[in-house]
Amino acid sequence: MLRSPAMAPSLRTTVLLFFFLLAAASSFSSLAQAVGDGIRVLSAEKRIDLTGPIVKVFLTLKVQNAATGADASHVLIAFTPAEADHLAIVKATRAEGKRKKKTYIPLPVSPADAATAAPNGARLYSISLPSPLKPAETTTVEVFYVLTHSLEPFPAEITQSESQLVYYRDSAVILSPYHVQEQGTYVKTPSSRVESFTRVDPTSRSGPDVKYGAYSNQLPYAYSPIILHYENNHAFAVVEELVRKVEISHWGNVQVTEHYKLKHGGAKHKGVFSRLEYQARQSISGASSFKNLLARLPPRVHSVYYRDEIGNISSSHLRSDSYKSELEIEPRYPLFGGWHCTFTIGYGMPLQDFLFESADGRRFANLTFGCPLLNTVVDNLTIKVVLPEGSKSPQAVVPFETEQHLETSYSYLDVVGRTTVVIKKKNVVGEHNVPFQVYYEFSPMFMLAEPLMLVTAVLLLFAACIVYLHTDLSIAKSQAS
């Protein structure tokens with residue numbers, strides 16, 4: 001039986017459509033498999049803390065694996081490109097038990113494989129589960145992350161008597177690579193002065209709190225942009241550069257020197273600054289400025305000093321006990337938006353509080369990472385750990401990704417120089433203030449090097465004096481024979 005020519009195009013169209021759908025299905029299947037096919041979010045709650053200069057987000061996800069499918073060993077979370085660029089730290093825990101017996105197990109978080117595609121440039125992070133999630137099983141994952149430089153001052157310039165208003169941009173629904181059945185977003189601002197906020201029904205507000213949701217049956221990678229415009233007069237203290245030098249001496253002391261380059265990262269100050277008005281009405285005039293900072297130092301510090309380019313600054317207060325030390329510092333002038341200042345903090349610490357010996361015989365210094373100034377962002381942090389002369393095989397163990405290299409430092413009476421471990425990290429916040437260790441090998445014989453040099457120098461001096469005293473340098477006339 002012959003087929004009519006009119007049927008040929010229709011057949012070709014059907015075949016092409018079949019292959020197109022097959023390719024699309026294959027592409028969708030590979031993407032779904034990449035993000036963990038079978039996982040869905042039963043409920044999600046997002047709480048955004050905007051009460052300070054740094055944005056803190058708490059995300060609670062109740063996830064379930066499909067009844068038919070493979071075990072799930074990880075859960076993915078998504079960030080927009082802007083969030084990923086300002087992401088300082090992300091942590092995750094898994095809640096186990098109920099009520100008073102509930103425990104939280106820390107979970108490793110790392111960027112997902114670059115081959116895992118996501119629409120609109122979204123960045124994926126993988127949360128590794130301690131035990132695979134069986135089919136039809138559910139678990140609760142709690143995520144905490146910090147965003148820096150995410151508050152945009154508007155207006156960008158204000159006078160001394162004006163309050164600071166900022167913009168914050170986010171999404172009413174949670175950006176997730178999974179289907180989300182039920183979710184809600186809660187935003188907390190510093191005060192009830194909220195100039196405006198985007199409404200995505202249902203939306204409600206009560207004083208400083210704004211609630212978005214609940215929303216149901218959101219597709220993967222759903223996004224609903226929102227903007228909040230509100231008052232935030234907290235100190236936007238930004239440390240543009242911090243260089244901390246830690247010198248370890250086996251003679252019983254650890255000397256720390258910290259060089260700060262600080263600025264006010266909020267709305268820039270315009271007009272003329274009036275100190276008289278500032279002193280008379282500090283709660284109104286210069287509400288967004290700050291004139292003091294609090295540094296939390298290790299316990300039992302001694303020989304504390306605080307100075308700038310001019311010299312020592314006496315307007316500082318140290319409160320110390322066996323558990324902690326707090327140093328309240330005041331720059332020479334209050335800082336308004338866009339203003340800068342540089343200063344140095346130095347102090348000593350007992351060696352026995354920080355130096356220990358490992359099981360393999362190596363010594364290690366247990367120090368604290370991050371910045372001691374509270375509620376600050378450090379754009380560039382450099383920590384230099386100067387080991388005693390003669391130290392070998394140094395190794396720094398930091399619980400997050402950093403840049404590390406070695407260099408040589410020289411001090412008094414050094415011969416070959418001191419090995420220095422240099423650690424660098426960008427975008428550092430208070431959550432980075434955790435212990436880290438620097439391991440190294442050291443022979444006690446090297447402790448005799450400097451005393452022997454001093455003794456040798458003194459002996460040579462005495463020998464030179466003896467030779468000088470017994471040498472006749474006078475000029476006498478020769479007698480004729």
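## R332 and its contacts

In this predicted model, a polar atom of the R332 side chain lies 3.4 Å from the backbone oxygen of G311. The side chain of R332 also makes a polar contact with the side chain of D308, at 2.6 Å. R332 sits in the loop between β23 (325–329) and β24 (340–350). With a relative accessibility of 39%, R332 counts as partly exposed.

Apart from neighbours within four places in sequence, R332 is in contact with R275, D308, I310, G311, N312 and I313. For R332 and I313, which are 19 residues apart along the chain, the C-alpha atoms are separated by 7.6 Å.

## S325 in strand β23

S325 is found in strand β23. The relative accessible area of S325 is 0%, so this residue is buried. A polar atom of the S325 side chain lies 3.0 Å from the backbone oxygen of P298.

Not counting residues up to four places away in sequence, S325 touches A295, R296, L297, P298, P299, R300 and V301, and also L318, R319 and S320.

## The largest pocket

The largest pocket holds about 1,000 Å³ of space. Its lining is made up of 40 residues, and A88, F400, E401, K425 and H432 lie nearest the centre. By class, this lining divides into 22 nonpolar, eight polar and 10 charged residues.

Several elements each supply at least two residues of the lining of the largest pocket: α2 (81–85), β4 (87–96), β5 (103–107), β6 (109–111), β7 (123–133), β27 (377–386) and β30 (418–428). β4 gives the most, with seven residues. Domain 1 (39–231) and domain 2 (237–448) are both represented, each with at least three residues in the lining of the largest pocket.

## The second largest pocket

The second largest pocket has about 400 Å³ of space. It is lined by 21 residues, of which P53, I54, L374, N375 and T376 are the closest to its centre. The lining of the second largest pocket comprises 10 nonpolar, eight polar and three charged residues.

## Cavities

The count of cavities of 30 Å³ or more comes to four. About 110 Å³ of space lies in the largest cavity. The largest cavity is lined by 14 residues, with K46, A78, E83, Y145 and L175 nearest its centre. Two or more residues of this lining come from each of β3 (72–79) and β11 (165–171). β3 has the largest share, three residues. In the lining of the largest cavity, nine residues are nonpolar, two polar and three charged.

The second largest cavity holds about 40 Å³ of space. Its lining consists of I158, T159, Q160, E162, A267, K268, H269, G286, S288, F336 and G337. Three of these residues are nonpolar, six polar and two charged. Domain 1 (39–231) and domain 2 (237–448) both contribute to the lining, so the second largest cavity lies between them.

## Backbone geometry

Most peptide bonds are trans, and most residues other than glycine have a negative phi. The peptide bond from F154 to P155 is cis, with omega near 5°. P155 is placed in the loop between β9 (152–153) and β10 (157–158). Another cis peptide bond joins G213 and A214, with omega about 15°. A214 belongs to strand β15 (residues 209–218).

Y221 is not a glycine, yet its phi is positive, about 60°. Y221 is in the loop between β15 and β16 (225–231). Is Y221 buried or exposed? Its relative accessible area is 16%, so Y221 is buried, the cut-off being under 20%. S303, also a residue other than glycine, has a positive phi near 55°. S303 lies in strand β21 (residues 302–307). The relative accessible area of S303 is 55%, so S303 is exposed.

Definitions and conventions
Residues numbered from 1 in each chain as written. Predicted model: local features only at pLDDT ≥ 70, side-chain atom pairs only at ≥ 80, totals over all residues. Heavy atoms only, no water. 1 Å grid on protein atoms, 1.4 Å probe; cavity = no way out; pocket = protein on both sides within 12 Å on 5 of 7 lines; lining within 4 Å. Points joined across faces, edges and corners; volume = space filled by probe spheres on them. Helix = DSSP H or I, 4+ residues; strand = E, 2+ residues; numbered from the N terminus. Nonpolar A, V, L, I, M, F, W, Y, C, P; charged D, E, K, R; others polar. Domains from an automatic or database assignment. Buried < 20%, exposed > 50% of the residue type's maximum accessible area, 1.4 Å probe, protein only. Contact = heavy atoms within 4.5 Å. Polar contact = N/O pair within 3.5 Å; in protein donor to acceptor, adjacent residues only side chain to side chain.
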